[in-house]
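Welcome! Try each task on the model before you read on.

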Amino acid sequence: MNGAMPILQPASLQAEDLRGVWVIFFATAMVVAAFVYALIFYSLLRWRDRGQGKMPPQFKQNAPLEIIGVIIPLLIVVGLFYITYVREVSNDAVHANPYATVDIKAFRWSWTFSYPGHHVSITGTPQSPPELVLPANKLTQINLYSADIDHSFWIPAFLFKRDALPGFPNHFDLTPNKIGVYPGNCSEFCGLDHALMTFTVRVVPAADFERWLSRRASSSSSGALAPQNATNVMVSLSNHPEQCHPERRTKCASRRARGLP
Ligand SMILES: [Cu+2]
């Protein structure tokens, strides 16, 4: 698992880009803080009361100083805004030819990770969170959906979070660049079992990823579901509102209103 401070060791190309922005903000804040504290301590020491009852020089206006005091902070804010904007636009760009594609569906209360074109689909449950397998150093495109209500897909190690909203799919690219296993979870409070909407991300070399995909594809196309998978599918169906039986619709609706599947 990644350390407690993913900002220092992000695990994707996009995250490294974002860390660059964070470093610039942090460095700017340090310079501003050093300047402000230096002025405060200079004034404290230079104009402290030495017991002679003398007041320091009093004056009302200093136009050049006031103009500089407005222009410099404005330049800092505009500069930081520009850097953030440029990085976010490049990070949000969705590329035409991804190496892999994963459809992610959030539902109360877990996730389904599907690999279109490979007949591989992994559905988790609150008791058995799913694992998202991604190839290292390859661009993976994610299509993010919600089956019911607002959720949020969050991988701290990737410094990445995106809302999963019903009716509004989100698309983004991730390029993990460090092999490892990373925690992920829902970061939008979505109901009773929100805290159990966890998952793991396993980043593996591209060759291992290909092997894993074909192994999963052949095991699921054989039609025999492992007991674990069978349970997952049943629980995932019961979590989908559209699976409510018509005669029980009222009951389902009231369960849903209470945040139950
Ligand atoms: Cu959620």
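**Exercise 1.** In which loop is the place of asparagine 137? Find it, then describe the backbone and surroundings of this residue.

Solution. Start with the location: this is a predicted model, and in it asparagine 137 sits in the loop that runs between strand 4 (131–135) and strand 5 (140–146). Next, look at the backbone: phi of asparagine 137 is near 60°, a positive value in a residue other than glycine. To see why that deserves a note, recall that most residues other than glycine have a negative phi. Last, count neighbours: asparagine 137 has 15 C-beta neighbours inside 10 Å, so it counts as partly exposed.

**Exercise 2.** Which residue does a cis peptide bond join to arginine 108?

Solution. The partner is tryptophan 109, and omega of this bond is about 0°. For comparison, most peptide bonds are trans.

**Exercise 3.** Which residues are in contact with valine 204, leaving aside its neighbours within four places in sequence?

Solution. First locate valine 204 in strand 10 (residues 198–204). With those close sequence neighbours set aside, its contacts are Val133, Pro135, Ala136, Ile179, Phe209 and Trp212. Take alanine 136 from that list: it is 68 residues from valine 204 along the chain, yet their C-alpha atoms are separated by 5.5 Å. Finally, valine 204 has 18 other C-beta atoms within 10 Å, so it is partly exposed.

**Exercise 4.** How many residues of helix 2 are buried?

Solution. Begin with its extent: helix 2 (residues 63–92) has 30 residues and spans 43 Å from first C-alpha to last, close to the expected 44 Å. Then check burial: the number of buried residues in helix 2 is 0, so the helix lies largely in the open.

**Exercise 5.** How many helices and strands are there in the chain?

Solution. The chain has 5 helices and 10 strands. Of its 261 residues, 23% count as buried. Among contacts between residues at least 6 apart in sequence, 69% join residues at least 24 apart.

Terms used: Residues numbered from 1 in each chain as written. Predicted model: local features only at pLDDT ≥ 70, side-chain atom pairs only at ≥ 80, totals over all residues. Helix = DSSP H or I, 4+ residues; strand = E, 2+ residues; numbered from the N terminus. Expected span 1.5 Å × (residues − 1). Buried ≥ 20, exposed ≤ 12 C-beta atoms within 10 Å, placed from the backbone. Contact = placed C-beta atoms within 7 Å.
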